[in-house]
Amino acid sequence: MIAVDTLERAWAAAARVVDPELPMLTLIDLGVLRDIAVDDDGAVVAAITPTYSGCPAMAAMRDDLLREFQEAGLPDARVRVALEPAWTTDWITPEGRAALAAAGISPPGTAPRRSGPVTISLLPTRRAVHCPQCGSADVELSSEFGSTACKAMYRCRACLEPFDHVKEI
């Protein structure tokens with residue numbers, strides 16, 4: 001019973017933590033929060049997966065989770081980084097995708113399926129992108145790198161609005 005109450009408090013606390021680069025998304029919406037468990041000593045252990053190697057937001061995510069756990073009365077909580085399986089944009093929840101679009105950011109499409117080595121191309125990646133303002137598919141790539149490394153910048157030819165698109169990973 002105690003473990004169930006602890007888990008419920010931990011999940012409720014974690015649900016308040018937002019991504020520092022995409023504050024319209026919780027870590028749950030983003031799919032970064034992989035698991036919360038209670039160890040044999042009764043301490044909460046949360047697992048988070050980075051969106052990509054070297055993601056600068058990981059330290060802030062960890063610190064924000066630990067702060068929320070402390071405020072929820074879980075002082076011995078820990079956060080571990082889980083690198084396998086690697087994060088994919090397919091883990092973004094439907095609610096997260098809707099929140100991105102509502103914030104004017106084009107949500108990612110289905111992530112590419114790969115087996116074997118990842119090929120490197122110097123050409124822009126072809127994506128199925130729609131303007132989050134007007135819904136038009138008549139868009140053009142402005143820059144492969146947007147406000148963060150995980151986003152590309154586009155411009156809609158229909159309504160002329162610029163927007164970020166979360167890259168499929």
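**Aromatic pairs**

I began with the aromatic rings of this predicted model. My search returned one aromatic pair. Its members are Tyr154 and Phe163, which are stacked, with 6.0 Å from centre to centre and 15 degrees between the planes. I recorded both numbers because a pair of aromatic rings is described by the distance of the centres and the angle of the planes. I then looked up the accessibility of the two residues: Tyr154 and Phe163 are both buried.

**A charge over a ring**

I next examined Trp91. Arg34 lies over the face of Trp91, and the distance to the ring centre is 3.6 Å.

**Ser106**

I located Ser106 in strand β4, which covers residues 105-106. Is Ser106 buried or exposed? Ser106 counts as buried because its relative accessibility is 3%, and the cut-off for that class is under 20%. I listed its contacts, leaving aside residues up to four places away in sequence: Ser106 touches Val129, His130, Pro132, Phe163, Asp164, His165 and Val166. Phe163 in this list is also a member of the stacked pair with Tyr154. With His165, Ser106 has a side-chain to side-chain polar contact of 2.8 Å.

**His165**

I followed that contact to its other end. His165 is placed in strand β7, residues 162-166. Its relative accessibility is 0%, so His165 counts as buried. Which side chains make polar contacts with the side chain of His165? One is that of Ser106, at 2.8 Å, and another is that of Glu168, at 2.9 Å. Setting aside residues up to four places away in sequence, I noted that His165 touches Ser106, Pro107, Pro108, Gly109, Arg127, Val129, Cys150, Lys151, Ala152 and Tyr154.

**Cysteines**

I searched the whole structure for disulfides and found zero. Cys55 is in no disulfide, and the nearest cysteine sulfur, that of Cys150, is 7.0 Å away. Cys55 is buried, at a relative accessible area of 9%. Cys159 counts as partly exposed, with a relative accessibility of 27%.

**Annotated region**

I consulted the UniProt record, an unreviewed entry, which lists residues 120-167 as "domain: PaaD zinc beta ribbon". In the model, residues 120-167 are 0% helix and 33% strand. The C-alpha atoms at the ends of this stretch are 15 Å apart.

**Whole chain**

How many helices and strands does the chain have? I counted four helices and seven strands. Read from the N terminus, the order of elements is α-α-β-β-α-β-α-β-β-β-β. The C-alpha trace spans about 55 × 35 × 25 Å along its principal axes. Of the 169 residues, 41% count as buried. Finally, I took the contacts between residues at least 6 apart in sequence, of which 52% join residues at least 24 apart.

How values were computed
Residues are numbered from 1 along each chain as its sequence is written. This is a predicted model: local features need pLDDT of at least 70, side-chain atom pairs count only at pLDDT 80 or more; totals for chains, interfaces and linings use all residues. Side-chain values use heavy atoms; hydrogens and water are left out. Helices (H or I, at least four residues) and strands (E, at least two) are DSSP runs, numbered from the N terminus. Buried means under 20% relative accessible area, exposed over 50%, partly exposed in between (1.4 Å probe, protein chains only). A polar contact is a pair of N or O atoms within 3.5 Å; within protein, one must be able to donate a hydrogen and the other to accept it, and residues adjacent in sequence count only if both atoms are side-chain atoms. Contact means heavy atoms within 4.5 Å. Rings of Phe, Tyr and Trp (its six-membered ring) pair if their centres lie within 6.5 Å; planes under 30 degrees apart count as stacked, over 60 as edge-to-face and the rest as tilted. A charge sits over a ring if NZ of Lys or CZ of Arg is within 6 Å of the ring centre and within 35 degrees of the ring normal. UniProt positions are given in the numbering used here, feature names are shortened, and annotations may be inferred rather than shown by experiment. A disulfide is a pair of cysteine sulfur atoms within 2.5 Å.
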